[in-house]
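Please look at the sequence and the structure below before reading on.

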Amino acid sequence: MRRRLILTGWVAALLAAGTARAADPVELPTAASVLVEKAARRLTLFDASGAPLRVFTGIALGGAPTGAKRYEGDRRTPEGRYVVDYGNEDSAYHLSLHISYPDSNDRALAQAAGRSPGGLIFLHGQPNGYGMTRIPGDWTDGCVALSNEEIEEIWGMVADGTPIEIRP
């Protein structure tokens, strides 16, 4: 199980606003599900009642963002229902949460085309060493990329086993 991160950005915002004392740590709510809307470039975290907890816009996708992922190397982001099954603090990107792609349907489609479905699809931050800015445009090999600050927040709110739906 991942260690919960405390949202440090709020503390920095309070200090920047002129608050003289340090703020108490903020415990983040736990998301019950994640929705990625590719065309809208939006990722939303929902609570158990289906109410949005947090919305992130301007997400980056695979370099060929239209259509569902069919096989390894197509640079598309998958579409469908999956699970966030583990987190990786030591990835090549600032934190990463693995998406359980491919499922049996994805494997069958790729096999019918004589290809590997691929894998290693993540929600992640920017490449390590890149800095605090975002790489512009759609640049991943099929992952969903966010700012480092955003993935830190998501990391603290999304537990292993959380359902994720990726829509066109």
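Leaving aside its neighbours within four places in sequence, which residues is E37 in contact with? In this predicted model, E37 is in contact with R42, T44, R167 and P168. E37 is found in strand β1. With a relative accessibility of 18%, E37 counts as buried, because buried means under 20%. Its side chain makes a polar contact of 2.7 Å with the side chain of R42.

## Overall organisation

The protein has 3 helices and 8 strands. Along the sequence, these elements follow the pattern α-β-β-β-β-β-α-β-β-α-β. The protein comprises 168 residues, of which 39% are buried. Among contacts between residues at least 6 apart in sequence, 58% join residues at least 24 apart.

Helix α3 spans residues 148-157. This helix is mostly covered, with 8 of its 10 residues buried. The buried residues of α3 are N148, E150, I151, E153, I154, W155, G156 and M157. They pack against β2, β3, β4, β5 and β6.

N148 lies in α3 and is buried, with a relative accessible area of 10%. Beyond its neighbours within four places in sequence, N148 is in contact with H94, G125, Q126, G131 and M132.

In soluble globular proteins, nonpolar side chains tend to be buried together. The largest nonpolar core of this model has 26 residues, and the members that touch the most others are L43, L45, L97, L123, I154, V158 and I164. At least two residues of this core come from each of β1 (33-37), β2 (42-46), β4, β5, β6, α3 and β8 (162-167). The element that gives the most is α3, with 4 residues.

Not counting residues up to four places away in sequence, L45 touches A31, S33, V34, A51, P52, L53, R54, F56, I154, M157 and V158.

Strand β3 covers residues 52-57 and includes T57. Leaving aside neighbours within four places in sequence, T57 is in contact with R41, R42, R134 and E150. Although T57 and R41 are 16 residues apart in sequence, their C-alpha atoms are 5.8 Å apart in space.

## Aromatic pairs

A pair of aromatic rings is described by the distance of the centres and the angle of the planes. The count of aromatic pairs in the model comes to 3. Two of these pairs are set out in the table.

| Pair | Centre to centre | Angle between planes | Arrangement |
|---|---|---|---|
| Y86 and F122 | 6.2 Å | 85 degrees | edge-to-face |
| Y93 and W139 | 6.1 Å | 35 degrees | tilted |

Y86 belongs to strand β4 (residues 80-88) and F122 to strand β6 (residues 121-124), so their pairing ties together parts that are 36 residues apart in sequence. Y86 counts as partly exposed at 34% relative accessibility, whereas F122 counts as buried at 11%.

The partners Y93 and W139 both come from loops. Y93 lies in the loop between β4 and β5 (96-99) and W139 in the loop between β6 and β7 (144-145), so this pair ties together parts that are 46 residues apart in sequence. Y93 is partly exposed, with a relative accessible area of 29%, while W139 counts as buried at 16% relative accessibility.

## The ends of helix α2

Helix α2 runs over residues 104-112. At its start, a side-chain oxygen of D103 reaches to within 3.1 Å of the backbone nitrogen of N105. The helix is followed by G114, whose phi is positive, near 70 degrees.

## The largest pocket

How much space lies in the largest pocket? The largest pocket holds about 300 Å³ of space. It is lined by 18 residues, and those closest to its centre are G119, L120, I121, D141 and C143. Strand β6 provides the largest share of this lining, with 3 residues.

How values were computed
Residues are numbered from 1 along each chain as its sequence is written. This is a predicted model: local features need pLDDT of at least 70, side-chain atom pairs count only at pLDDT 80 or more; totals for chains, interfaces and linings use all residues. Side-chain values use heavy atoms; hydrogens and water are left out. Rings of Phe, Tyr and Trp (its six-membered ring) pair if their centres lie within 6.5 Å; planes under 30 degrees apart count as stacked, over 60 as edge-to-face and the rest as tilted. Buried means under 20% relative accessible area, exposed over 50%, partly exposed in between (1.4 Å probe, protein chains only). Contact means heavy atoms within 4.5 Å. A nonpolar core is a set of buried Ala, Val, Leu, Ile, Met, Phe, Trp, Tyr and Cys residues joined through side-chain atoms within 4.5 Å. A polar contact is a pair of N or O atoms within 3.5 Å; within protein, one must be able to donate a hydrogen and the other to accept it, and residues adjacent in sequence count only if both atoms are side-chain atoms. On a 1 Å grid over the protein atoms alone, a cavity is a set of points where a 1.4 Å probe fits but cannot get out, and a pocket is an open set with protein on both sides within 12 Å along at least five of seven lines; lining residues have an atom within 4 Å of a point. Grid points are joined across faces, edges and corners, and a volume is the space filled by probe spheres set on the points.
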